[in-house]
Amino acid sequence: MKILAACESGGHLTQMVHILKQIAKIRSNRINIVLVTEDSTRTRNQVDEVFSKVYLLDMPKHKNKYLRYLHAFSPIVFLKVAKILKQERPDVVLSTAGWVSMPTFILAKLVFGIPTIYIHSWSRVTEKSDSGKILYYFSDVFIVQWSQLLEKYGKKAQYFGGII
């Protein structure tokens, strides 16, 4: 099985690594995990061994989150992500959020027909996340880590307790 993990660096990547290490323990060597994330000091210098390959996407240094999301929808980013999805042909795309997950989920779902799983950030206890508001509609499985978020999202949201 090949998983393509898509998330921003920082807390989203930390959650992703934790989740994937648990999956890798269960599936042992029958799993191949590829990461798509943003180019940052952390991702350039400290990528976890759970990933067989890492793709880094450029992000201009925007402090404003809306400019970051605008960049996520740029044609250049969509073309880069489409090339990665075509080359890797994952069985599933998994995300713990962030701007990187938006073009990845949209292309995976609408162009490549790849199943998508979104795991809402553990740090979001009572409010929807920006990426969750959009990717709810592009997710085959949408997981929240706090039960109170079930009523904030729709029927697709599932709660299994805290994952991390």
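In the predicted model, Phe73 is in contact with Phe78, Met102 and Ile106, leaving aside its neighbours within four places in sequence. Phe73 lies in the loop between α3 and α4 (75-88). Its relative accessible area is 37%. Phe73 is therefore partly exposed, since that class runs between the 20% limit for buried and the 50% limit for exposed residues. The C-alpha atom of Phe73 is separated by 22 Å from that of Met16. Along the chain, these two residues are 57 residues apart.

Met16 belongs to the buried set of helix α1. That set consists of Leu13, Gln15, Met16, Val17, Ile19, Leu20 and Ala24. Several elements cover these residues. Among them are the strands β1 (2-7), β2 (32-38), β4 and β5 (116-119). The helix α2 (41-45) also takes part in this cover. α1 itself has 17 residues. From its first C-alpha to its last, α1 reaches 24 Å. This span is close to the 24 Å expected at 1.5 Å a residue. Ser28 follows α1 and has a positive phi, near 45 degrees.

Thr96 lies in strand β4, which spans residues 92-97. With a relative accessible area of 0%, Thr96 is buried, because the value falls under the 20% cut-off. Neighbours within four places in sequence aside, Thr96 is in contact with His12, Gln15, Met16 and Ile19, among others. Gln15, Met16 and Ile19 are themselves buried residues of α1. The contacts of Thr96 also include Ala6, Cys7 and Ile119. A polar atom of the Thr96 side chain lies 2.8 Å from the backbone oxygen of His12.

His12 also features in the largest pocket. This pocket has a volume of about 210 Å³. It is lined by 16 residues, of which Glu8, His12, Tyr69, Gly98 and Arg124 are the closest to its centre. Three helices each supply at least two residues of the lining: α1 (11-27), α3 (65-72) and α6 (130-135). By class, the lining has eight polar, five charged and three nonpolar residues.

How values were computed. Residues numbered from 1 in each chain as written. Predicted model: local features only at pLDDT ≥ 70, side-chain atom pairs only at ≥ 80, totals over all residues. Heavy atoms only, no water. Helix = DSSP H or I, 4+ residues; strand = E, 2+ residues; numbered from the N terminus. Buried < 20%, exposed > 50% of the residue type's maximum accessible area, 1.4 Å probe, protein only. Polar contact = N/O pair within 3.5 Å; in protein donor to acceptor, adjacent residues only side chain to side chain. Contact = heavy atoms within 4.5 Å. 1 Å grid on protein atoms, 1.4 Å probe; cavity = no way out; pocket = protein on both sides within 12 Å on 5 of 7 lines; lining within 4 Å. Points joined across faces, edges and corners; volume = space filled by probe spheres on them. Nonpolar A, V, L, I, M, F, W, Y, C, P; charged D, E, K, R; others polar. Expected span 1.5 Å × (residues − 1).
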